[in-house]
Amino acid sequence: MARSALLNVMVQAALKAGKSLSRDFGEVQNLQVSVKGPGDFVSQADLKAQKIIRDELLKARPTYGFLGEEGEEIKGTDGAHRWIVDPLDGTTNFLHGIPMFAVSVALERNGEIVAGVVFNPATDELYTAERGGGAFLNDRRLRVASRRVLSDSVIGCGVPHLGRGNHGKFLVELRHVMGEVAGMRRLGSAALDLAYVAAGRFDGFWETDLSAWDMAAGILLVREAGGFSSDFHGGTDMLVTGSIICGNEHIQKALAEVVKRPIPSK
Ligand code: 2AM
Ligand code: CA
């Protein structure tokens with residue numbers, strides 16, 4: 001698999017940040033027993049990882065813009081390119097010692113995502129994609145699952161928590177979807193959920209109230225693995241609306257219909 005110079009830069013940045021997160025993840029497990037808990041420590045791990053990625057990316061391409069989950073956006077002098085980065089997606093998992101978190105790095109060119117990397121340092125799974133070049137898990141080419149009906153499908157979702165999202169609306173979506181599918185899963189990292197769809201592990205996935213950095217790399221993985229994504233309005237403004245429904249062409253359509261089924265009147 002030949003990677004472009006740009007994708008190589010992204011991979012190196014993600015691997016380096018992943019190494020730092022791995023080290024800190026080991027520490028988090030020791031801190032679980034302390035009274036103060038690992039919360040502050042995790043915020044530091046997150047910031048450290050973002051700094052590693054930002055330094056690597058801006059060293060390689062000093063004129064590109066940079067949008068990361070932590071801190072202010074850096075407007076580049078190059079109007080066309082922007083990095084979109086989540087240094088630690090799945091923060092709650094990380095905090096609780098659950099090895100299901102990822103570094104997500106995407107490159108946007110003229111408003112379009114052209115390269116994406118999602119790396120889970122706890123499992124050493126590196127997902128990469130370039131527009132038109134396919135999606136890969138380490139060296140293996142990825143293809144979305146081929147199941148055609150929801151009743152055979154395993155579907156991932158995000159679950160809103162305390163102080164976030166619309167719990168009532170989500171429960172209606174969940175009730176509708178769980179009545180139609182073979183299984184539901186919830187990883188707690190949107191970047192990995194999307195990577196799992198690309199890898200054919202999940203047949204589909206939906207979530208709302210996400211940020212651009214949660215999804216940017218993952219959306220390209222799904223697309224390059226032959227999958228489709230839409231937002232809740234049926235368009236493709238996922239990064240702006242923060243909502244996504246994805247899968248292969250059959251599951252994406254069927255899932256969108258079920259997720260958006262109106263709330264039954266009493
Ligand atoms: P995070 O781990 O970087 O916070 C979980 O359903 C997904 O939602 C994760 O990808 C998580 O990213 C994302 N998310 C976005 N905004 C969030 C928030 N305010 N609190 C928790 N998770 C959030
Ligand atoms: Ca995130």
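Modeller: One definition comes before the pockets: on a 1 Å grid over the protein atoms alone, a pocket is an open set of points where a 1.4 Å probe fits, with protein on both sides within 12 Å along at least five of seven lines, and lining residues have an atom within 4 Å of a point. A volume is the space filled by probe spheres set on the points, which are joined across faces, edges and corners. This is a predicted model, in which local features need pLDDT of at least 70 and side-chain atom pairs count only at pLDDT 80 or more, while totals for chains, interfaces and linings use all residues. Residues are numbered from 1 along each chain, ligands are numbered from 1 in the order in which they are written, and side-chain values use heavy atoms, without hydrogens and water.

Colleague: What is the volume of the second largest pocket?

Modeller: The volume of the second largest pocket is about 410 Å³.

Colleague: Which residues lie nearest its centre?

Modeller: T92, H161, R164, R186 and G188 do, out of 23 lining residues. The lining draws at least three residues from each of domain 1 (5-141) and domain 2 (150-259); these bounds come from an automatic or database domain assignment.

Colleague: And the largest pocket, what is its volume?

Modeller: The largest pocket has about 490 Å³. Among its 19 lining residues, I113, I219, T236, M238 and L239 are the closest to its centre. Helix α6 gives the most to this lining, with five residues; helices (H or I, at least four residues) and strands (E, at least two) are DSSP runs numbered from the N terminus.

Colleague: Are D89 and D214 buried or exposed?

Modeller: D89 is buried, at 5% relative accessible area, and D214 is buried at 10%. Buried means under 20%, exposed over 50%, and partly exposed in between (1.4 Å probe, protein chains only).

Colleague: How many disulfides are there?

Modeller: There are zero; a disulfide is a pair of cysteine sulfur atoms within 2.5 Å.
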